[in-house]
Amino acid sequence: MSRDTLVSFDGVVKRFGSFVAVQKLDFEIRKGEFLAIMGSSGCGKTTTLRMLAGLEAPTEGVIKLSGKPINDLPTWSRDTPMVWQSLALFPFLNVRENVEFALKMRGVGKAERRRRAEQWLDRMQIAEFAERNISQLSGGQRQRVALARSLVVEPEILLLDEPLSALDAALKVRMQSVLKNLQRETGITFVYVTHSQSEAFSMADRVVIMSRGVIEQIGTPQEIYRTPGTRFVAEFLGSSNIFQGRLVPGDGGGAALDTPLGRFETGADATARLGTTATMTVLDTKTHLAAARPAHARNVLPVRMIGEEFVGATATIYLEAAGGQEIRVQKGHDELSDIPLEIGRELFVYWEPGDAHVISEA
Amino acid sequence: MRRSISLYSLTFSLPLLIWQVLFFVFPLLFLIALSFWTVRNFVMSPDFDPVNWTTMYGRAVFWQAYGTTLALAAAAAALTSILAFPAAYAIAFKLSDTARRWAIFLMVIPFFTSYLVRVYSWQIFLSDNGIINVILGWLGLGPFTMLNTVGATMVGYLTLGFPLVVLLQLFSLIFIDRTLIEAAHNLRCGRLRTVFEVVIPSARTGLVIAALFSFILSFGDFVSPVYLGGGEPTTLSILITDTTKSGQQWPRAAVVALTMIGTLMIVAFGAIKFAYRGKST
C-alpha cells in the first residue's frame, strides 16, 4: 500500500445468498484521482460502490479507507457521500434544505450551515433556485443539487452511481465537463460507476473494467484502449479487430501469430510464450484499407465489404474475411476517397506489425 | 376537445348521482329544514324559527359536550396514530413480503366482527370483576375501576380506529422511496433520526389522512362513550340521543348533528390541506 492510497479492497467478496455479486476484489483507489468503474449491468460495479459507501457489508475481505478497516462501520459513520442514479433528493425539502441536510446531521450551526450551503449553491450555479421545490427543477438542475448536497461537507471521496444516465445526450456531455472540472478543482477523489464507455473514458484518470464480479483490467483510458488486457475487454470496448492463433517466431524482431487467416507479424516480444495460443488486437483506426494488394505491407488480409456507417467526419467500414470473421476499419472520409466503397467489393486490409497488440493473458 | 355530458357517461354515473341525491343531499337538506321546526306538546310542526339554534348554542352543557367531544376525538387521533406508527413501520420495513401479507390480513380481521361486539367484549375485560381485575387480584393488586372511565372510552376509540390507521399508515410507508432512506443514512443521519427526518415527512399525506379517519370515527362514535365510558362525560353523540328522548326535541338534535357535520368538514378540509401542502397536483 503506497502513501497516496485512499481506499484499498483486499480480497473482497460479496454474496447475496448463493449469488456471487463480487468475487475477490483486490485494487486500490488513489488519493485525488477520478476512477471510473465500468461494466455491463450485473457485473458487480454498483455492489462494489455500495460496499464502499457502507450500504452493503462485504461477505469476505477487508475494505480500508485511509488505512483503517471500515467493514463494520455503518454508512452514517463514514464520510463516503454518494450520488444516486435516481439522485434521491428529498422531495419534502427545498433546494437549500437539501444541501444543508448533511451539515444539519453533523450539528453545524444554522448560520454556518447557511453560509456553507450558499457557497455550494453558488459554485453549482443553482443559487437562484435555493427556495424552490425539487419538483420545480429540470434534470440538469437536480443533478447540480445532488452534487452540492454531497460535496457540501467537503469529503475526501465522492461516490457516483451512474448519475448522468437519466439526462439527454447534450446535457450529459455538459455535465461530464462540470464533473471533471469539479473533480480537478476540489481534488476530491471521485469513484464513478457507469456502463458507458464514453463517460468513463472522457472523465476518468483510471478505469476499472469489471465483468461477472471480477476485475478484467485497471488502467488509464489510453492503456485500456490501446492495449486491452483480456479478450473480454477488447470485445467489450469493440474498437479493435481481434485475431486468435498460435505464437510462432516472426521474420522481424517480434513474434508472429499463426491464424486460420494467415500469418501476421506483431511487434510483441513473446519468446517465452512461443507455441502457445494467444489473442491479438489491432485498433480499427490503425487498420488500413486498400483497393489493390499493397506491395510493401507485411500484414495483409483479403476482405469483402459488407457495410458502412457514417458518424460525423468518421466512416466505419464493415468487412468480412475468409471464414466469416468480421473486420472493421475506421477512417476519416478523405482517407477513403480513392477506395471504391461498394458492398460486395473485394478489398484488402493491412496494418503495421507495431500496431498489433498481443493480449498478455494466457 | 369539447367538454359535454354525453348520454353514455350519464348512463353510468346516474345510479351514483341518484344515490347521492336520495341518501345524502336530500337528508342533509331535510336535517337543515328540521332544525328550524318547532315542538309544542311533544308534537313537531314545520316552521322557520331559529329558536332551536339559539337555545342549543345558549346552553353551557352543549358547549361542554362540544369541547369534550373535540378533545376526546383529537386525543384518540393522536394516541391511535402514535401507537399505530411503530406497528405500521415494522410491517412496512422489517417484515418479509410473505409476513407482511399475513400482517395485513390480521389487521383486516377485526372488521369481520361488529364494533359493538368488540366493545362489549372489552366490558368483560375492564369491569370491576372482569378478567384484568381477576388477574391483578391473583397478584394481590386492585381491584381498579376501569369501566365507565374516560380511559375505557379511549380504549373503545382505539378498538375502532387502530386497525384502519395501521393499514392507512402502512400503505403510505410502503411507497416511500427506499433510496431516500439510504441517502439520509449516507449523509450521516442515524437510524432513529431518519424516521423523523425522512420517513415521517415522506409519508406525511398518508399519516395525516390516517389520523383524520381516527378523528372522524371517534368524533361521531356513540358506542364507546356509552358502553365503556358509562355516558360520562357527555359527548355530542350522547347529547343527540338525550335531546331526542327528552320531549321529542328532534329539531334541537338536528342542530347538534349539523354542528357536528360542520365541524368535521372544517377539520377534514384543514387536515387534507395540510396533508397535501407543498405538493403539486
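Me: Why are helix 3 of chain B and helix 7 of chain B called oblique to each other?

Reply: Helix 3 (residues 60-93) of chain B and helix 7 (residues 150-174) of chain B pack at an angle of about 45 degrees, with their axes 7 Å apart. Angles under 35 degrees count as roughly parallel, over 145 as roughly antiparallel, 65 to 115 as roughly perpendicular and the rest as oblique, and therefore these two helices of chain B are oblique to each other. The axes are lines fitted to C-alpha atoms over the stretch in contact, and angles run from 0 to 180 degrees between N-to-C directions. Helices are DSSP runs (H or I, at least four residues), as are strands (E, at least two), numbered from the N terminus.

Me: How do you know which residues these are, and how far the model can be trusted?

Reply: Residues are numbered from 1 along each chain as its sequence is written, while chains are lettered from A and ligands numbered from 1 in the order in which they are written. This is a predicted model, in which local features need pLDDT of at least 70 and side-chain atom pairs count only at pLDDT 80 or more, whereas totals for chains, interfaces and linings use all residues.

Me: How many residues of chain A are in contact with chain B?

Reply: 17 residues of chain A are in contact with 15 residues of chain B, contact being C-beta atoms, placed from the backbone, that lie within 7 Å. Helix 2 (residues 95-105) of chain A gives the largest share of the side of chain A that touches chain B, three residues.

Notes: Two residues are in contact if their C-beta atoms, placed from the backbone, lie within 7 Å.
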